[in-house]
Amino acid sequence: MTILETATAAGTSWMLCPGCAAMIYVKRYERADRVCPECDNHGMLTADQRIELLLDPGSAEPVDYAETLSDPLGFTDSRPYPERLEQARDRTGMTDAVRCVRGTLGGTPVVLAVMDFRFLGGSLGSAVGEAITAAAEAALAERRPLILVTASGGARMQEGILALMQMAKTSRALQRLDEAGVLTVSVISDPTYGGVAASFATSTDVIVAEPGARLGFAGPRVIRQTIGQTLPPGFQTAEFLLEHGIVDMICHRSTLRDRLIRLVAMTVRSARPYSNDADAVITDPAALPVVDSWERVRAARRLGRPTTLDHVAGAFEEFVELHGDRMSADCPAMVTGLARLDGVPVVVLGTQKGHTAAELLHRNYGMPIPAGYRKAARVLRLAAKLGLPVVTLVDTAGAYPGIAAEEQGQAVAIAENLKLLAGLPVPVVAVITGEGGSGGALALAVADRVLVCENAVYSVISAEGCASILWQDGAEAPRAARALRVDSAALLELGIADAVIPEPEGGADQHPAAATELLRRALRQAVHELRAWSATDLIAHRHARFRAFGVARNDLQEN
């Protein structure tokens, strides 16, 4: 029995927190949805409590699933397996370790599957696998987002190899949702291990974890018994996993419902009537003031210019940030997430610098490591799955050139993004908002529309780098900038940019809010125009655009 169950059975009004051992009032603990008021430990909830916490009142309806083999192996340890099942059913009132329902979340229809650790440790057996698969099939048939709340010690040993097969069965069920473009979200509660962690818990589009929740393939006991290692404090917790790029976000139980409402609402299109912003951009180079290229470089680097997060806050109605490459790290120099632009759900990604020395250091001066480009690729694939337009905001001196970045495959990560963007079947709008440095910038700018802010620059190499290599003198950077033609007017003349976004007088750093509003108007225009294009037309136009660069026009043939 849990500490709470023991206190309830004893008829006492007090209990010890399972996290900090503080004496807490049971009713207060229950009112807080089993979150300790002293240490914020998130205690276990039953499946029914989860459903009540998350879904709109009165909306839950059960999802039926097929009957499964009750004791396929005739298994007995200290007791026969059927006896253990019966005891778990009597204790929990559940048929097995998961409850699956249809319902609404903030008015959006969803399918919700919630695991209950009280039932044989939330272990994955045939019944759980069948129930999760049935929930996924209901979500597929009705095109509802699927939300999975996990709590499990792993596969159910008493069902042997049939329990193991549930990992593949549920994974295929989620893959079908990927193919159909149906959003999937997992909520990781403590603990989630083994076969559940290595299948449906981590193969969703978005992974949300409760504070302190542990997630891993091998649990501490298995690691100690198998290879003799002891895990360090904090290993496999939600906080550790966020830092290492495995989960998208950590969400306190008190705000979980609101966060999920915002996520699933991103699948609902509610575009506002659009009025054409005819003067939002400049397409004639002659209409731009004549400014020396080096002065544009200096202006592009000013610390007061709006960053990606500044633009996201001012140009979009809402933003849900997604973290991690699902492999090893979360790169702070790359920001990705879901947003709304005039009611239209979009995917936003961009490089992030900062306004202070501390911010710049934390964001690696806006220079992404391979994990940043892999995070971007993951979110780009999500955009393709959900059919959402993509907006990229580029302000980087380039991809990070460090030893570790090379060891982790920086060139491969950039190359994969270039190829992914080239064939992405959704509209892509890229904006060079400050510096557009070499391949690190291009990895976000293979787009249907490339816009350049008036004081932004875009180049194969920095002016200083070019000067050092070709003139052997970094002081020749102004000369190199002019020779490279990095400024917005030149980019428009060369056909690299489709249009230039004007900046307020004195530059974006002088009037950042006004600069963001100008950006918003330009994005509205571009996204609205491109949403009318088919996927086939988008890809064909993108191919033709980049196919033409560097080729004499009269020699270019359609390919």
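1. Start with the pairing around Arg102. Arg102 stands opposite Val111 in E5. Strand E4 (residues 98-105) and E5 run antiparallel, joined by 8 bridges. Two strands pair if DSSP finds at least two bridges between them. The E4 and E5 hairpin has 2 residues between the strands, and Gly106 takes a positive phi near 60° there.

2. A note on provenance. This is a predicted model, in which local features need pLDDT of at least 70, side-chain atom pairs count only at pLDDT 80 or more, and totals for chains, interfaces and linings use all residues. Residues are numbered from 1 along each chain as its sequence is written, and side-chain values use heavy atoms, with hydrogens and water left out.

3. Strand E6 (residues 146-152) pairs with E5 in the parallel sense over 4 bridges. Val111 stands opposite Leu146 in E6. The chain crosses from E5 through H5 to E6, and this β-α-β crossover is right-handed. Right-handed here means that, with the strands pointing away from the viewer, the path from the first strand over the helix to the second runs clockwise. E5 is largely enclosed by the rest of the structure, because 7 of its 8 residues are buried. Buried is under 20% relative accessible area, exposed over 50%, and partly exposed in between, using a 1.4 Å probe and protein chains only.

4. Next, Ser123. Ser123 sits in the loop between strand E5 (108-115) and helix H5 (126-142). Ser123 is buried, at a relative accessible area of 8%. Its side chain makes a polar contact with the side chain of Arg156, at 2.7 Å. A polar contact is a pair of N or O atoms within 3.5 Å; within protein, one must be able to donate a hydrogen and the other to accept it, and residues adjacent in sequence count only if both atoms are side-chain atoms. Leaving out residues up to four places away in sequence, Ser123 touches Ala97, Val128, Ser152, Gly154, Ala155 and Arg156. Contact means heavy atoms within 4.5 Å.

5. The largest pocket holds about 840 Å³ of space. It is lined by 24 residues, and the closest to its centre are Gly153, Gly154, Ala155, Met157 and Val222. E7, helix H7 (194-197) and helix H8 (220-227) each supply at least two lining residues. H8 gives the largest share, 4 residues. The search uses a 1 Å grid over the protein atoms alone: a pocket is an open set of points with protein on both sides within 12 Å along at least five of seven lines, a cavity is a set where a 1.4 Å probe fits but cannot get out, and lining residues have an atom within 4 Å of a point. Grid points are joined across faces, edges and corners, and a volume is the space filled by probe spheres set on the points.

6. Then the cavities. There are 2 cavities of 30 Å³ or more. Of its 16 lining residues, the closest to its centre are Met44, Leu45, Arg50, Ala151 and Ser189. E6 and strand E7 (184-193) each supply at least two lining residues. E6 contributes the largest share, 3 residues.

7. E15 is worth a look. All 10 of the 10 residues of strand E15 (residues 428-437) are buried, so E15 is largely enclosed by the rest of the structure. Strand E14 (residues 390-396) runs parallel to E15, joined by 6 bridges. Val390 has Val428 as its bridge partner in E15. Strand E16 (residues 449-453) also pairs with E15 in the parallel sense, over 4 bridges. Ile432 stands opposite Val452 in E16. E17 is joined to E15 by 3 bridges, again parallel, and Gly436 stands opposite Tyr458 in E17.

8. Ser459 lies in strand E17 (residues 457-459). Ser459 is buried, at 15% relative accessible area. Not counting residues up to four places away in sequence, Ser459 touches Gly436, Gly437, Ser438, Leu484 and Val486.

9. Finally, backbone geometry to check. Most residues other than glycine have a negative phi, and most peptide bonds are trans. The peptide bond from Asp190 to Pro191 is cis, with omega near -10°. Pro191 is found in strand E7. Asp40, not a glycine, has a positive phi of about 70°. Asp40 is partly exposed, at 34% relative accessibility. Asn364, not a glycine either, has a positive phi of about 55°.
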